[in-house]
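Let us walk through a protein chain step by step. Keep the sequence and the 3D view side by side as you read.

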Amino acid sequence: MSPTTVEGATDLSPAFLDEIRRIVGVANLKEGQAIANLDYGVTAGNFGATAVVLPASANEIAAIVRCGVAHRVPIIAQGGRTGLVGGGLSSPGQIVLSTSRLNRIVQLSPIERVAVVEAGVTLQSLQAATLEHRLEPGIDLPSRGSATIGGMVSTNAGGISAFRYGVMRHRVLGMEVVMPDGSIYSDLTRVVKNSAGYDLKHLFIGAEGTLGIVTRIALKLEPLPAATATALFGLPSVAAALDVTNLGLSVQYGHLRAAEAIWNSYFRVTAGEHHWSANDYDANHPINLLLSLGGSDEEQLQVELARIYEIVAEKYPSISAVVATSQAQEAELWRLREDTDLIYRKHAAAPSYDVSVPLSEIEGYLRRCVCELRCIDPQLDPYLFGHLADGNLHIVLNASGADMTPEKTAAVETVLYRDLAAIGGSFSAEHGIGSKRVHSLRETADPVKFALMKKIRAGVDAACTLNPGKVTG
Ligand SMILES: Cc1cc2nc3c(=O)[nH]c(=O)nc-3n(C[C@H](O)[C@H](O)[C@H](O)COP(=O)(O)OP(=O)(O)OC[C@H]3O[C@@H](n4cnc5c(N)ncnc54)[C@H](O)[C@@H]3O)c2cc1C
């Protein structure tokens, strides 16, 4: 797509900025030092733009978009800025549109098990509000404190419960979106069944701010179990971890809430840094599996975990397991999985990958990748963890970004992505494409799909006002 925006422009005209101030008020347009006072999120590049605007309604956003079109100023939507693929990166001559003031839970119906929220509501605040009704959003991410529902829709976020409740695409019932021409698409349906023509909300889910700016979302909610029980299993292989997962899926009491895998190299880092150990738990197993069950009675759930242990120990006698007996212990076990920041403190800007692999292929895929990565550089020993029940693996190199030459990066991507399409997996499981993975999408996507994506984008946003350079490039 050839954007008709003022390419290379590094400044925004006074006329444009005056118009934006008239729309949102002087206090809600940030420039210069005022931007530096905001939190840029996972990367400072999010605030490369000349200005940040903080609208409070869909109508204000529509007016900003019309102004952007008229002045040919690209608009980059941002929610919690936790995106990991550079979807929110911005540059001089552009304006960032933050949804932080669209932070109201508009409706929460325990009868319908539906919430209608503004795009800037964080996952954690929705979780807190639904908790009062013993409900949950059915999706959970470690970045819950900052990630917004609008951002999660836009990246089609997945997370811990995707194997049970689906990814964001399966949680959304309806949506309101400001289109690239400033019109407002409104389809805030609150029902599961709706076959009234094309289901256009799916265009915007996973579009990463390139096809419209999401302003409101109607989301399905799920019952929150009264009790949970969590165990960590130390296991000899992926096959053993999948056995445990399957036993978790077929428990006689309660249901499986999470099956999170932590391979040894990453486990050593988190267990080491947090000084975690447990009696009789051997920290040297090739893979550790965090298994969480939900139900109404904690003791019965713990009985189920003990039963799983007995069955698995018969097949794999060398296993270890520890069951959390308090909420504090449960939180400690989760920290072993979720504190991925520790990796980036050891290796600044370590290259990370987010792939989906069919469950029966995981063992072979990882064996091949680890071996071929060592051929590129004998020092490479990636940190591995992921949402095992749905096959989503996170692979982070034990190398800082500065150590990676373009040739080495390309070689690593070839190793990790080469066979994924052929085995029925995906090179981008839940983080999206952003700017970081545009070249991989271009190289690996079905050409008909990629051409169709570009055609849709050109049809919806011919001037390429929204998030230029992202997703389709
Ligand atoms: C520690 C950590 C753990 C994480 N774990 C997970 C995980 O388990 N699963 C997972 O899926 N992701 C995970 N992520 C990634 C990230 O949290 C998700 O991608 C999240 O959905 C981004 O939400 P956000 O509000 O921060 O969006 P942002 O980062 O602000 O934006 C992301 C993209 O969406 C666009 N966007 C944002 N808001 C809107 C809007 N209202 N309308 C249109 N476009 C918009 C932006 O332009 C950008 O392209 C993790 C990130 C971190 C830092």
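How much area do domain 1 and domain 2 bury between them? They bury about 1,200 Å², and 69% of it is on carbon and sulfur atoms. Buried area here is the accessible area (1.4 Å probe) that two parts lose on being put together, summed over both.

A word on the model comes next. This is a predicted model, in which local features need pLDDT of at least 70 and side-chain atom pairs count only at pLDDT 80 or more, while totals for chains, interfaces and linings use all residues. Residues are numbered from 1 along each chain as its sequence is written, and side-chain values use heavy atoms, with hydrogens and water left out.

Now find the domains. The assignment gives domain 1 (3-100), domain 2 (105-223), domain 3 (227-338) and domain 4 (341-432). Such bounds come from an automatic or database domain assignment.

Look at the first pair. The centres of domain 1 and domain 2, taken over C-alpha atoms, are 23 Å apart. Domain 1 gives 16 residues to the contact, and domain 2 gives 16 residues. Contact means heavy atoms within 4.5 Å. In domain 1, A58, T82 and T99 lose the most area to domain 2. Together they make up 32% of what that side buries.

Which elements give two or more residues to this side of domain 1? They are α3 (58-71) and β3 (75-78). The largest share, seven residues, comes from α3. Helices (H or I, at least four residues) and strands (E, at least two) are DSSP runs, numbered from the N terminus.

Next, the cysteines. The whole structure has zero disulfides. A disulfide is a pair of cysteine sulfur atoms within 2.5 Å. For C67, the nearest cysteine sulfur is that of C464, 18 Å away. C67 is buried, at a relative accessible area of 1%. Buried means under 20% relative accessible area, exposed over 50%, and partly exposed in between (1.4 Å probe, protein chains only).

Finally, visit two loops. H275 lies between α10 (264-273) and β14 (287-295). Its phi is positive, about 50°, although H275 is not a glycine. H275 counts as exposed because its relative accessibility is 71%. A349 sits in the loop between α13 (341-346) and β16 (352-356). A349 has a positive phi of about 50° too, and is not a glycine. At 60% relative accessibility, A349 counts as exposed.
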